[in-house]
Amino acid sequence: MGQPRSIVILTGAGISAESGIDTFRSAGGLWEQHRVEDVATPEGFARNPNLVLNFYDMRRAALANVAPNPAHEALARLERAFAGELLLVTQNVDDLHERGGSARVLHMHGELKSALCTACEMRSPWHGSMIDRPPCPVCRAPMLRPDVVWFGEMPYEMGRIYRALESCDLFVSIGTSGAVYPAAGFVQEARAAGARCLELNLERSEGSRFFHETRLGPASVLVPEWVEEVLSRAAE
């Protein structure tokens, strides 16, 4: 394959797992020892807001104990050196891509370090706790929730993502299960538009059959290797 002109990269929990962040689903449908239905749905928040707010307060605080790994840093290096169009779409709500040096990041599932006001619907950067119902920085109402997309809610900036998929000539999926839609369908969108599709994953995903190539191994090894391939071709 020649040098791509436009790349869309999708990252999932697998790229952050090597930094010590738990993947979204584990055995038994639990997420950090909680049922997903209790902490990652609007219904769970309505039923027990304190449980949900405390859960995300702890996850936000835990970000101080993790650091970007070589996969995050390699993607930032690619962004800086790549002359074409590049969009990094992540399903992750952590800030490891940004801390690794990436700037062109789209958080389709929201961010832990952001608050959404359910009164005025404004988003604000957020680093502290929400359990004590602090006021919204914009309207002052004590109606903040995590700015995280829960099951049953629409991911952010889907129009922008689909436009990028339609125009890219390389789609790369890193550390995703291929089980959660709409992200699981991105490979089919990109392939239908003529893009070459590459999967970098610890094991084959539910969508592996849609990719032209799948490479198996840790993201911290595979991603730097792939980035070096792209940059080496560009230097030829």
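# A tour from aromatic rings to sheet to cavity

A search of this whole predicted structure finds five aromatic pairs.

**Stop one: the rings.** Select Phe45 and Trp150. Their ring centres lie 5.4 Å apart, with the planes at 45°. Planes under 30 degrees apart would count as stacked and over 60 as edge-to-face, so this pair is tilted. Now colour the chain by position. Phe45 sits in helix α3, residues 42-47. Trp150 lies in the loop between β8 (144-148) and α7 (158-167). The two are 105 residues apart, so the pair links distant parts of the chain.

Tyr56 belongs to helix α4, residues 49-62, and is 94 residues from Trp150. This pair also links distant parts of the chain.

Phe45 and Trp150 are both buried. Trp150 has 3% relative accessibility. Tyr56 is buried as well, with a relative accessible area of 0%. The cut-off for buried is under 20%.

Phe45, Phe55, Tyr56 and Trp150 form one aromatic cluster.

**Stop two: the sheet.** Switch to a cartoon view. Look for an open sheet of six strands, paired in parallel. Follow the order β5-β4-β1-β9-β10-β11. Which strands stand at the edges? They are β5 (105-107) and β11 (213-216). Each has a single partner strand, so one side of each is left without a neighbour in the sheet. Neighbouring strands are turned by 15° against each other on average, direction ignored.

Strand β4, residues 85-90, pairs with β5 in the parallel sense over three bridges. Select Leu88, then its bridge partner in β5, Val105.

**Stop three: the cavity.** How many cavities of 30 Å³ or more does the structure hold? There is one. About 110 Å³ of space lies in the largest cavity. Its lining takes in 15 residues. Select Ser173, Thr176, Gly178, Ala183 and Ala184, which lie nearest its centre.

Next, show β9 (170-174) and α8 (186-192). Each supplies at least two residues of the lining. Finally, colour the lining by residue type. Eight of its residues are nonpolar, six are polar and one is charged.

Methods
Residues are numbered from 1 along each chain as its sequence is written. This is a predicted model: local features need pLDDT of at least 70, side-chain atom pairs count only at pLDDT 80 or more; totals for chains, interfaces and linings use all residues. Side-chain values use heavy atoms; hydrogens and water are left out. On a 1 Å grid over the protein atoms alone, a cavity is a set of points where a 1.4 Å probe fits but cannot get out, and a pocket is an open set with protein on both sides within 12 Å along at least five of seven lines; lining residues have an atom within 4 Å of a point. Grid points are joined across faces, edges and corners, and a volume is the space filled by probe spheres set on the points. Helices (H or I, at least four residues) and strands (E, at least two) are DSSP runs, numbered from the N terminus. Ala, Val, Leu, Ile, Met, Phe, Trp, Tyr, Cys and Pro count as nonpolar, Asp, Glu, Lys and Arg as charged, and the others, Gly among them, as polar. Two strands pair if DSSP finds at least two bridges between them. Axes are lines fitted to C-alpha atoms, for helices over the stretch in contact, and angles run from 0 to 180 degrees between N-to-C directions. Rings of Phe, Tyr and Trp (its six-membered ring) pair if their centres lie within 6.5 Å; planes under 30 degrees apart count as stacked, over 60 as edge-to-face and the rest as tilted. Buried means under 20% relative accessible area, exposed over 50%, partly exposed in between (1.4 Å probe, protein chains only).
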